[in-house]
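Trainee: I have a chain open on my screen and would like to walk through it with you. Could we take it piece by piece?

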Amino acid sequence: MIQACVILRHHGNGLVTAHTLAPMSINQPNDPLGVIYAEWTEEFVANPDMSLRLMRWVFEDWQRVTSEPEDVTYASTRIGGVPGILVKPLDADPGQMLVVLHGGGFALGSSASHRKLAGHLARAFGAHAFVADFRLAPEHPYPAQIDDATAVFTSLLDNGIDASSITFVGDSAGASIAVATTLRLLRDGAPVPGRVITISPWLDMENSGSTIESNDATDFLITREGLQGNIDRYLSGGASPTDPLVNPLYADFTGFPRLYITVSDTESLYADATRLAEKARAAGVDVTFEVASGQQHVFPLQAGVLPEADAAIESMAAWYRSAKPLAV
């Protein structure tokens, strides 16, 4: 297969344009997510002046690789003033809540793109979930996303859910929001969630990860240039890429709750996950680091479709149940 390298550039008027470099030979995608990522690239190449609005519609396609979980209900609602989708599996414990923070480079993705994944997670965990539609960059740069996650968490506390029964779950950029929100709560002396789960985390806003190039042939979505475009949008309010709440790789993780990290060793952002694990462990955090082989970025999105995705969710669920507070 021949695929072109696409550079996404953000302009001051909110327009994102895609510029194509010379084609390069890469591996053939062999899973549904890899196929979709390759299809997206074809669309970006065919439509080099694609607007950010249209790109957001394209990324709603994420949900296509996820099967519809059984025995799960959904409701559009707001928690803490933040819109989103409340996910309620039948017979799940409403006192256990997942706050799901979707990926998409802080600018793309939504509760709709991640609704079914949240359903699989919530059903496996025996919990309810809220998939937050936090504000997106560049219209709302950092720290709007962390402010919204904090508002959801605070509202859940105000409504009687214990902090230890709340779990932040974030994939890609959503993992950065999950980690940074927890770090800010720690800094402010506020209650923190009982657990944090990160899926294919993206944390390095200096764009320095060593595996961006070394895993380029096996990652069908991520390029360094594309990451930089998302960084520019997220930090368009003037924040520093080395601020510990912007780039948690600079943070002090002392006191951080139990942390679960899952990633594939063939992802371009694999180095972000390894550095997160090392940083947290060095601060004494209880870290579980699960590495899959040969999978695409945020591969658990293929829940109900790909056995490796289902296995990853079951591993997360087993860890969650082992860390779940005892009923009193």
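This is a predicted model: local features need pLDDT of at least 70, side-chain atom pairs count only at pLDDT 80 or more; totals for chains, interfaces and linings use all residues.

Trainee: Okay, which domain does UniProt place here?
Mentor: The unreviewed UniProt entry places "domain: Alpha/beta hydrolase fold-3" at residues 98–300; UniProt positions are in the numbering used here, feature names are shortened, and annotations may be inferred rather than shown by experiment. Over residues 98–300 the chain is 36% helix and 17% strand, with the end C-alpha atoms 16 Å apart, where helices (H or I, at least four residues) and strands (E, at least two) are DSSP runs numbered from the N terminus.

Trainee: Which strands pair with strand 5?
Mentor: Strand 5 (residues 93–101) is joined to strand 6 (residues 127–132) by five bridges, and the two run parallel; strand 5 also pairs in the parallel sense with strand 7 (residues 166–171), over five bridges. Pairing here requires that DSSP finds at least two bridges between two strands.

Trainee: And what does Leu 98 bridge to?
Mentor: Leu 98 has Ala 129 as its bridge partner in strand 6, and Thr 167 as its bridge partner in strand 7.

Trainee: What about helix 4, how far apart are its ends?
Mentor: Helix 4 (residues 144–158) has end C-alpha atoms 21 Å apart, which agrees with the 21 Å that its 15 residues should span at 1.5 Å a residue, the expected span being 1.5 Å times one less than the number of residues. Buried residues in helix 4 include Ile 146, Val 152, Phe 153 and Leu 156, and also Asp 148 and Gln 145; buried means under 20% relative accessible area, exposed over 50%, and partly exposed in between, with a 1.4 Å probe and protein chains only. Just after helix 4, Gly 160 takes a positive phi of about 95°.

Trainee: Changing topic, which peptide bonds are cis?
Mentor: The bond from Ala 137 to Pro 138 is cis, with omega near 5°, and the bond from Tyr 142 to Pro 143 is cis as well, with omega near 10°. Pro 138 is in the loop between strand 6 and helix 4, and Pro 143 is in the loop between strand 6 and helix 4 too.

Trainee: Why would you point those out?
Mentor: Because most peptide bonds are trans, and most residues other than glycine have a negative phi.

Trainee: On phi, what is its value at Ser 172, and is that residue buried or exposed?
Mentor: Ser 172 has a phi near 55°, a positive value in a residue other than glycine, and at 7% relative accessibility Ser 172 counts as buried. Ser 172 lies in the loop between strand 7 and helix 5 (173–187).

Trainee: And Val 298, where does that lie?
Mentor: Val 298 lies in the loop between strand 10 (287–292) and helix 9 (307–323); its phi is near 60°, again positive in a residue other than glycine, and Val 298 is buried, with a relative accessible area of 0%.

Trainee: Last one, is Ser 214 buried or exposed?
Mentor: Ser 214, which lies in helix 6 (residues 211–214), is exposed, with a relative accessible area of 53%.

Key. Residues are numbered from 1 along each chain as its sequence is written. Side-chain values use heavy atoms; hydrogens and water are left out.
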